[in-house]
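I opened a new notebook page for this structure. My entries follow in the order I looked things up.

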Amino acid sequence: MSENRFQIFTEGDDLYQDMLASIATAQQSIVLESYIFEPDAIGKTFIDALLERANSGIEVRLHLDAFGSLELSSSNQIERIESSDIKIKWYNPWCWYRPFRYNHRNHRKLLVIDNTTAWLGGFNIHNENSLREFGEDRWLDTHVRIEGPLAGNVTTLFEQLWNKPHSPPPDEDINPATAVITNLTWRQRRKFRQLLTSQFKSAKKQLWLCTPYFMPDRFLEHQLVRAARRGVDVRLLLPYKTDRPVARWVARAAYHSLIKSGVRIYEYSPRFIHAKIMLIDILWASIGSTNLDYRSFFINLELNLVSCEPYLIDRLNEVYDEHLKLSTEILTRNLIQNKWLSACYQALGICCRKIL
């Protein structure tokens, strides 16, 4: 069995070009899952490519989130898809007699071609990630291309959700050196959280995290504080610019106590950083769709690659370092000094953590 090979992407145009080139050469099957799939220039380019393959007899399946891809579902582009041989499913569309299910979203992003090549990470299918379409203010994100046996495992995760969205899939071991993991069941969510906890506790030198939405519960905050106090280099790379201002307020509610405990916090200012990266001691890494917030841990469906592969870890460390160079470290003297205003700020953050 051949080894898995990985390639990291941080620019949307490079990623989309790579995906589209592989779609054009697909010989058997294409499965694509996305939270956001917009009917814009980027989305139309993907639809054109998928239609061409479907018309050539290739099996093409789309599994899109009904909330995140709402604009596509009401556009004329959906008519092109539905009148073709492409099979499409919507995850949790609005249902008036089961309204609370609408809060449970499919936040995963993946593409698998011929069961041999897979892409996953934080990139959605929309103009916001394209320099060509959106300009210099495009979102900054991270995605990984996987070639080899592991890509077939990703197909299995797609099939589990496609075929039996409400049935528990077989629980998988999430402790191998390299694996793609999801959180379809409560047990899988608990295992993933336990995995993160064990990694945080075992960190001896480095614990670097990057997330666009940092809304930690007290347990996660406690793990970061404990790591910093025992001498681990704990760093948080967060966005200065954001698409959700309230999320930034919630994140900043935790800044003061974390910084006082030794956690170093950096805000990336050139553009909105949407990447989700975790790095532990240059020995373990995670890349995928999971944010450090309540929704990712307990509500939304997520997909992550976790690995001890040296090349992948080294490359992600390089990416993290590149982003740090364009970030500003937040110091306690820069935070709100008025104790009453600061208390209100933190109260707002605590109240919003579970609903954002």
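This is a predicted model: local features need pLDDT of at least 70, side-chain atom pairs count only at pLDDT 80 or more; totals for chains, interfaces and linings use all residues.

Residues are numbered from 1 along each chain as its sequence is written, and side-chain values use heavy atoms, with hydrogens and water left out.

Entry one, Lys 201. I found Lys 201 in helix H7, residues 186-202 (helices, H or I, of at least four residues and strands, E, of at least two are DSSP runs, numbered from the N terminus). Lys 201 counts as partly exposed because its relative accessible area is 48%.

Entry two, Asn 300. I placed Asn 300 in the loop between helix H11 (294-298) and strand E16 (303-307). Is Asn 300 buried or exposed? I logged Asn 300 as buried, because its relative accessibility is 8%. I then looked up Asn 103: it is 197 residues from Asn 300 along the chain, yet their C-alpha atoms are separated by 8.3 Å. Contact means heavy atoms within 4.5 Å. Leaving out residues up to four places away in sequence, Asn 300 touches Asn 103, His 104, Arg 105, His 107, Asn 183 and Arg 295.

I located Thr 142 in the loop between helix H5 (131-134) and strand E7 (143-147). Thr 142 counts as buried because its relative accessibility is 1%. Beyond four places in sequence, I listed its contacts, among them Ile 8, Phe 9, Phe 123 and Leu 316.

Technical notes: Buried means under 20% relative accessible area, exposed over 50%, partly exposed in between (1.4 Å probe, protein chains only).
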